[in-house]
Amino acid sequence: MTIVGPPKRIQEISAKGEEPPSQFFVKDTTFAGNLGSVSSIQIPIIDLNLLSLDPNSKAYTNEINKLLFALTSWGVFQVIGHGMSSSYLEEIRNITKKFFCLSMEEKQKYGRAADGFEGYGSDPIIVEGQVLDWCDRLFLTVYPQDYRNLQLWPQNPPNFRDMFQEYCKKVILLTETLLKILSKSQNLEEYTFSKEIGEKTLVQARFNLYPKCPKPDKILGVKAHSDASIITTLLQDKEVEGLQVLKDGKWYGVPTIPHALLINVGDQLEIMSNGIFKSPIHRVAANSEEERISVAVFYSPDYEKEIEPLQGLINSERPQMFRKVKNYAAINFNSFHSGQIAIDTLRISPSQ
């Protein structure tokens with residue numbers, strides 16, 4: 001498989017006011033929709049502090065019911081009470097902005113190799129005729145430690161590496177807490193999901209820059225997709241919105257809440273929950289007036305770990321919905337570029 005990239009970074013094209021190349025223009029597909037037709041809705045906000053209360057309390061019951069509604073209908077929610085201060089989250093946003101403000105020469109020190117996915121770059125071109133995202137990104141593997149490509153971890157800004165690693169540790173703790181809550185919500189032992197994932201967890205992060213785009217009615221920051229992860233944690237831009245979620249055939253804009261983190265169910269959690277928790281199809285809109293940044297942390301099983309629906313969530317009313325799978329990330333990636341919905345390729349039909 002040959003991996004190449006656009007001849008120029010999107011940040012350069014935007015800064016020079018150039019006409020976007022044709023490969024950025026979205027084609028008329030099932031999930032493209034009208035890029036200007038988006039409804040506004042309040043995504044559920046979950047206070048983690050309330051989920052540490054007595055499970056018999058009214059506050060806990062109300063909050064867990066709200067969480068289950070979010071997971072079974074939207075697949076996304078905003079979490080507060082996560083233990084990270086607003087000022088700390090702003091530091092993560094600022095260090096992201098500082099990296100993308102470096103000179104192109106400096107950023108290219110951490111550039112993605114021609115045959116790789118990690119490092120700084122734009123959308124890798126995998127197939128002929130591929131529509132490209134209006135996004136420059138820095139993609140890094142954090143855990144397991146022996147998977148790290150430290151030569152791609154920026155040394156400029158000077159405190160980038162330390163802050164990045166500290167932030168990922170905090171996100172991992174948050175994710176593990178959520179997995180315990182999800183297990184107990186299904187009357188399972190609290191470590192059930194974590195044990196199924198295994199000890200060798202894969203944690204990767206993507207720093208995104210969405211420059212100003214002159215054609216937001218024809219171009220997307222990120223095309224419609226679902227995440228291959230168990231859980232994705234997204235730090236949104238403090239001021240500029242852009243994330244959109246598909247529900248019942250309509251696109252909804254996700255508001256930005258400066259002190260909240262957005263939690264996104266990934267395909268592998270939908271598989272493990274036997275379809276109870278929904279992995280949403282989502283995209284990122286382009287913006288003609290302002291640039292936007294975000295930081296996504298993907299929490300997944302190691303590539304070699306087999307994932308399947310939990311036995312405790314299979315019964316006569318809800319028979320097994322998905323086949324066992326290993327290295328789902330590759331399936332998700334290949335399906336995405338062939339126009340398929342990856343998780344649908346694993347569904348077990350009632351006749352099987």
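Buried here means under 20% relative accessible area, exposed over 50%, and partly exposed in between, with a 1.4 Å probe and protein chains only. This is a predicted model, in which local features need pLDDT of at least 70, side-chain atom pairs count only at pLDDT 80 or more, and totals for chains, interfaces and linings use all residues. Residues are numbered from 1 along each chain as its sequence is written, and side-chain values use heavy atoms, with hydrogens and water left out.

**View 1. Overall fold of the chain.** The chain has 8 helices and 15 strands (DSSP runs: H or I of at least four residues for helices, E of at least two for strands, numbered from the N terminus). Its C-alpha atoms fill a box of roughly 60 × 50 × 40 Å along the principal axes.

View 2. Of the 352 residues, 54% are buried. Among contacts (heavy atoms within 4.5 Å) with a separation of 6 or more, 76% join residues 24 or more positions apart.

**View 3. Charged side chains.** The chain carries 38 positive and 42 negative side chains, and the centres of the two sets lie 1 Å apart. Lys and Arg count as positive, Asp and Glu as negative, and His and the chain ends are not counted; each charge is placed at NZ of Lys, CZ of Arg, CG of Asp or CD of Glu.

**View 4. Surroundings of S294.** S294 lies in strand β13, which spans residues 292-301. With a relative accessible area of 2%, S294 is buried. Leaving aside residues up to four places away in sequence, S294 touches R206, F207, N208, Y210, L234, L235 and Q236.
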